[in-house]
Amino acid sequence: MTNLTDGIAVVTGASGGLGRELAIALSQHMTVVGLGRRADGLNETQTQCREDHFVPIAADISDFNSVKEAFDKTSKYGPITLLVNNAAVYPRRDFPEETAESFMDVVGTNLGGTVACTRAALDQMLETGFGRILNVATFADLSPLPASSAYSVSKGAARIFTRALIADLGDRFPGIVINDWMPGMLATGMGIPDGLDPKISAKWGAKLALWHDASLTGTTWEMDREIPPPRSLKRKIADKVLFRPKLLARQL
């Protein structure tokens, strides 16, 4: 297990909620650049981070030019070694209330923003062959809730993007570790009132984000545990016949 200690961490959606707590937790270990639409929210995050270890940059990740400008500013502080794609919107609209434009606005943030920030961070990571990308994900694509069509589709597509990214980079750049993390149902504006305290979830997320190990690439984690990949009936029978030990899920 190797922890990241050098370089810059970029956290999207750092102006509040889980993104703020992730930035606070990560700032104890490295300098964090927090991206978010609300400058006042980013300034509040800065007051709670380790002194001189948080840089607020106002940016709209659904705007490709805004993302480019933000990452150009970030590069002045050092090499980007960690990207946490956390920012998302969840408008809770019934599909008949959606327009094509409103639906795609959500896709533009939840998928487009993840793609744009990842591509920008890779400009440096591909040069060194080293980095860490953690995508904050959800099971919404498998079990969509009512009034969540745009959110579910966009977040599900973002999980596909993680796999597609690994298909392109995994063999050639094993030092760039990429995976999904599902933080659980949180007591935030996008979550539920009786959900998990985002401070608790952020401790798990920060620990996972700082963990640089090639064996993490392609894995999916929920809260503080790894979700084992599905195994076919044929593989399960072979394991029993050959007395193979049961694979244990890792825990943070």
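Tutor: Let us begin with pairing: two strands are said to pair if DSSP finds at least two bridges between them. This is a predicted model, and in it Val11 stands opposite Gly34 in strand 3.

Student: What makes strand 2 and strand 3 a pair?

Tutor: The definition asks for at least two bridges, and strand 2 and strand 3 (residues 31–36) are joined in the parallel sense over five bridges, so they pair. Strand 2 also pairs with strand 5 in the parallel sense, over four bridges, and there the bridge partner of Ala9 is Leu82 in strand 5. Strand 5 in turn pairs with strand 6, again in the parallel sense and over four bridges, with Leu83 opposite Ile133 in strand 6.

Student: Why is strand 5 called largely enclosed?

Tutor: Buried means under 20% relative accessible area, and six of the six residues of strand 5 are buried, so the strand is largely enclosed by the rest of the structure. Strand 2 is mostly covered, with five of its five residues buried: Ile8, Val10 and Thr12 point one way from the strand, Ala9 and Val11 point the other way, and all are buried. Helix 1 is mostly covered as well, since nine of its ten residues are buried, among them Leu18, Arg20, Glu21 and Leu26.

Student: Which elements give two or more residues to the largest nonpolar core, and which residues have the most contacts inside it?

Tutor: That core has 32 residues, and those with the most contacts inside it are Leu26, Leu82, Val84, Trp181 and Leu208. The elements that give two or more residues to this core are strand 2 (8–12), helix 1 (17–26), strand 5 (80–85), strand 6, strand 7 and helix 6 (198–210). A second, separate core of 27 residues includes Val33, Ile61, Ile80 and Cys117. Leaving out residues up to four places away in sequence, Leu82 touches, among others, Ile8, Ala9, Val10, Leu26, Met125 and Leu210.

Student: Why does Thr74 count as buried, whereas Gly129 counts as partly exposed?

Tutor: Thr74, in helix 3 (residues 64–74), has 1% relative accessibility, which is under 20%, and therefore counts as buried. Not counting residues up to four places away in sequence, Thr74 touches Ile8, Val10, Val33, Ile57 and Ile80. Gly129, in the loop between helix 4 (100–128) and strand 6 (131–136), has 22% relative accessibility, which lies between 20% and 50%, so the label for Gly129 is partly exposed. With the same exclusion of residues up to four places away, Gly129 touches Phe173, Gly175 and Ile176.

Student: How do you know that Asp180 has no salt bridge?

Tutor: A salt bridge needs a side-chain nitrogen of Lys or Arg within 4 Å of a carboxyl oxygen of Asp or Glu. The nearest side chain of opposite charge to Asp180 is that of Arg159, 5.2 Å away, so this buried residue has no salt bridge.

Student: What makes the approach of Asp180 to Thr162 a polar contact?

Tutor: The cut-off for such a pair of N or O atoms is 3.5 Å, and the side chains of Asp180, in strand 7 (residues 176–182), and Thr162 are joined at 2.8 Å, so the pair is a polar contact. Leaving aside neighbours within four places in sequence, Asp180 is in contact with several residues, including Leu134, Asn135, Arg159, Thr162 and Trp221.

Note on methods:
Residues numbered from 1 in each chain as written. Predicted model: local features only at pLDDT ≥ 70, side-chain atom pairs only at ≥ 80, totals over all residues. Heavy atoms only, no water. Buried < 20%, exposed > 50% of the residue type's maximum accessible area, 1.4 Å probe, protein only. Contact = heavy atoms within 4.5 Å. Lys, Arg positive; Asp, Glu negative; His and termini not counted. Polar contact = N/O pair within 3.5 Å; in protein donor to acceptor, adjacent residues only side chain to side chain. Core = buried A, V, L, I, M, F, W, Y, C linked by side-chain atoms within 4.5 Å.
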